[in-house]
Amino acid sequence: MRKGDHSYRMDHKGLIEESAEDLYENAPCGYLSTLPNGLIVKANKTFLKWMGYAAEELLYQKKFQDLLPIGGRMYYETHYAPLLRMQGFVTEINFDLRRKKRQLLPVLVNTTQLKDENSKPILNRTTVFNITDRKGYEKELLRAKKQAEEATRIKAEFLSTVSHEIRTPMNAIISIANLLLETNYTQEQSQYLSTLKASSENLLHLINDILDFSKLESGKVALAEREVDLKELVTSLLHGVRIAAQDKGLALKLAIDKDMPPRVLGDPVKIGQVLTNLLGNAVKFTERGSVSLELELEELTDKEAVISFCVEDTGIGIPKDKLEKVFEEFAQADYDINLRYGGTGLGLSISRKLLALYGSKLTVKSQEGQGSTFCFALRLKLGQAAPALPNDTAAGHEPDVAGVKLLLVEDNAVNVMVVTKYFEKWGVDFDVATNGVAGVAKVMEQDYDLVLMDLHMPEMDGYEATAKIRSLPESKYKQLPIIALSASTEKDFAEEMAGAGINDFISKPFNATELRNKIAHYAYAATKGLPYHTTFTGQQPMPTAHTPLQNPDGPAYDLSTFEELLGENEADLEELVKITIRNFEVFQGKFQAALVSRNLEDYKFSCHKITVTLGLLNAWRLQHAITQGKDLLEEAATTADQKPLDEIAKAIHLEFDVLLAGLNATLLHRWNQTDTPDTP
Amino acid sequence: MRVTERNNVNVRGTGEKALIFAHGFGCDQNMWRFVTPAFEDTHKIVLFDNVGAGKSDSSAYNKLKYETLQGYADDVLEICEALELERPVFVGHSVSSMIGALAAIQAPEMFEKLIMVGPSPCYINKEDYIGGFSQEDILELLESLDSNYLGWSTATAPAIMGNPDRPELGEELTNSFCRTNPEIAKHFARTTFLSDNRADLKKLQTKSLILQCSDDMIAPVEVGEFVHRNVADSEMILLEATGHCPNLSAPEETIAAIKSFL
């Protein structure tokens, strides 16, 4: 038996050796042995078959990297080889191998390095998997992913467009309700009106939430960095919920750390939005007791502070199992909540997303029936301790606008009616023009203190009308304050407005106080011939903007006028530079297009829009080139010679490049910022 | 943010004189692991990761700043200032050779000497200049970066899917030496391979050594010779080592060459 056993084993040994050889040669994967420099010294049949090479063509003839197309070879040299040497092995690196007949074979490669006793590499052993099929799937998956992302983007855009569209009629509804409330009405009508007003305000709130949400979703929201007095900010926020709290008999408490730095750098709008949402919820879900806001200083260095914000209430609380759910979009703790309290269920989700922009997280602690506490912490840079400049639009008194001479350019009859009702109330002396053409004509006919300009009108839109007014020869037209009215949000069109020479912007549906304050601000400055604080770039009446070209060989530009304009306000200056960069990027393209297509009209249009900004930047070289271009283009009607036009196009492009590079560098070095537009 | 954290700066060694080792495109400071021990008894060794690579703080990555190699050169100077280094010697591999050269041009007094391992001032063939590549080649590289970062390779999969079943592979493997955020890797590749710093070479005053490999497809011998011809105060050593990373494939030869120049 023993002997038999032995021979049995011997037989098997032979079989095993034979099958190991067979397995090596015919395995469903390729095997390769290479020297450390990549030279192939052994390869199995499977690999040779895949690649279409005979053994003698490959062994000691080619390196592994010789089988790679050039991009793969660069990857081999910069990633694969170093990684293999450092790690001793490499797993699942994706290469395309070039077959003898030139087609590519997608493979995954695993390599182990064999070392001698001095741990010097002597041989690399590589296993090669053919992934032709998987590559196909990957491509298909990628395609499907792109398709899905595109579809989501289109939907989001649709949502955003529709919401914008809804805001315009909402303006009319809310404003009319306000006006009606100021007329004589019966008790019954009063109730109807209050309901109408409250419902439409709710609806507007909802639409704004949806808009915010879709913007956050599409990554179009960026944080501004401005000097913020936190104490002032939170006090005014509390003021906003005071009436609602008083109606319910709730106490409002505010506690601020006594060491709180007076000013920090942050985005007051976004921080305010989050806190308003939390405070609003707290009041909404609390029937008795109090709502308190607490600001605590957690960390303070000479550069930045970490501040925690907590909103605590004594309301209904949130059941434990629903704590995370409240942050999901369109979700409230339960269906009854929606019935009883209303709301979109978007507020907390928006707040959480906004805070994520700050790298912060909104957390909640709650006990059902006892109340909830929502907290978040922000790391904010310190601002300068300088007190805020007195501002004529500060709350407290209603500025007098009686007797201001104003032109309203607006095509929508409902809007005209609403706005003019306010004007009548305030004693504003106004005229109305129903489109851009009529608006420009009116401005030429009469002197106004101020123009309110709708942006989207038939025949001639607000941008064009403003640009026309700015390009009128007399200097008073450069100084006339023009405020845009639009249902779009300011950020979306800041560039165009700046380009057109619009000074400021009021969003529809507008807030009557804001409208009144802005009229007062600009009209007062205009009547006294004072410079006014403005929002956009291209508008400030600057004598230098229209002085003739002095020194075409001087520096490309300088920021001195910008600095004079804005004084010490670095944040505004930064914003101004950013806006200018975007502005120039657009115009760089426009000038090229106009020159290539020899479109004099477009060219001149762009000239009008950019001249003031160039003046502000003292960018004489570019201004000079653009003027030359205009002359050439005018002559070009009578000549076929394209060469001078090409040359000037190149020169303009180059000057824009120089300016953009300089401005971008300023942005980087002065504020450590890059230009990331809010809108793509 | 502190410069030393931003660039994951590591200082070791016992000497007075500092040697700064800068890694090239692809991996991180580990590229120098076979070379630096030879200098630890005699020098202060400064190692760092370019922003976006290794354990640097990739939140400091800024497309505009790193659009050109000058952005990386600024970082090098900031590291020298932060560590208060006295006339250090800069050793740069691959693209970091040019980064070092740009830093030395900007601050001519900063470095005592410059050692460039496999430098190339311009990778793309232009007129009568041979850089070794065409524009299309670079696009191909970007594509292979794409497939290697998105191709479910296990080197990156843990980053995407976590690695719950094989915790032992956690740090060591997944934090592998050549892992970079794919977007940053692509941008760095573009910045690197589309750079043209030929004109800068003539401005370089610092005494320089060029270490050229024998069979380097990334920086061929012609390129090394070009650098040598154009840098006024330079020497060139042609290594027997092949490939682009003599610091890994032939550390002894690399060490000897560096020592001969110090």
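**Cysteines and a charged patch**

Author: This is a predicted model. Start with a cysteine in chain B: Cys122(B) has a relative accessibility of 1%, so Cys122(B) counts as buried, the cut-off being under 20%.

Reader: What is the nearest cysteine sulfur to Cys213(B)?

Author: That of Cys245(B), 8.0 Å away. A pair of sulfur atoms counts as a disulfide within 2.5 Å, and Cys213(B) is in no disulfide. With a relative accessibility of 2%, Cys213(B) is buried.

Reader: How many disulfides does the structure hold over all chains?

Author: A disulfide is a covalent bond between the sulfur atoms of two cysteines. Over all chains there is 1. Cys310(A) and Cys375(A) form it, with sulfur atoms 1.9 Å apart. Cys310(A) lies in strand β10 (residues 304-313) of chain A and Cys375(A) in strand β12 (residues 371-382) of chain A; the pair links distant parts of the chain, 65 residues apart.

Reader: Are Cys310(A) and Cys375(A) buried or exposed, and what is the handedness of the disulfide?

Author: Both cysteines are buried. The torsion about the S-S bond of Cys310(A) and Cys375(A) is about 115°, so the disulfide is right-handed.

Reader: Which residues gather in the patch of negative charge on the surface?

Author: The patch is formed by Glu294(A), Glu296(A), Glu298(A) and Glu312(A). Strand β9 (residues 290-300) of chain A gives the most to this negative patch, with 3 residues.

Reader: Why does Glu298(A) count as exposed?

Author: Exposed means over 50% relative accessible area. Glu298(A), found in strand β9 of chain A, has 51%, and is therefore exposed.

How values were computed: Residues numbered from 1 in each chain as written. Chains lettered and ligands numbered in written order. Predicted model: local features only at pLDDT ≥ 70, side-chain atom pairs only at ≥ 80, totals over all residues. Heavy atoms only, no water. Patch = residues over 30% accessible without salt bridge, like charges linked within 9 Å, V, L, I, M, F, W, Y side chains within 5 Å. Areas by Shrake-Rupley, 256 points an atom, 1.4 Å probe, with all protein chains shown as cover. Salt bridge = Lys/Arg side-chain N within 4 Å of Asp/Glu carboxyl O. Lys, Arg positive; Asp, Glu negative; His and termini not counted. Charge placed at Lys NZ, Arg CZ, Asp CG, Glu CD. Helix = DSSP H or I, 4+ residues; strand = E, 2+ residues; numbered from the N terminus. Buried < 20%, exposed > 50% of the residue type's maximum accessible area, 1.4 Å probe, protein only.
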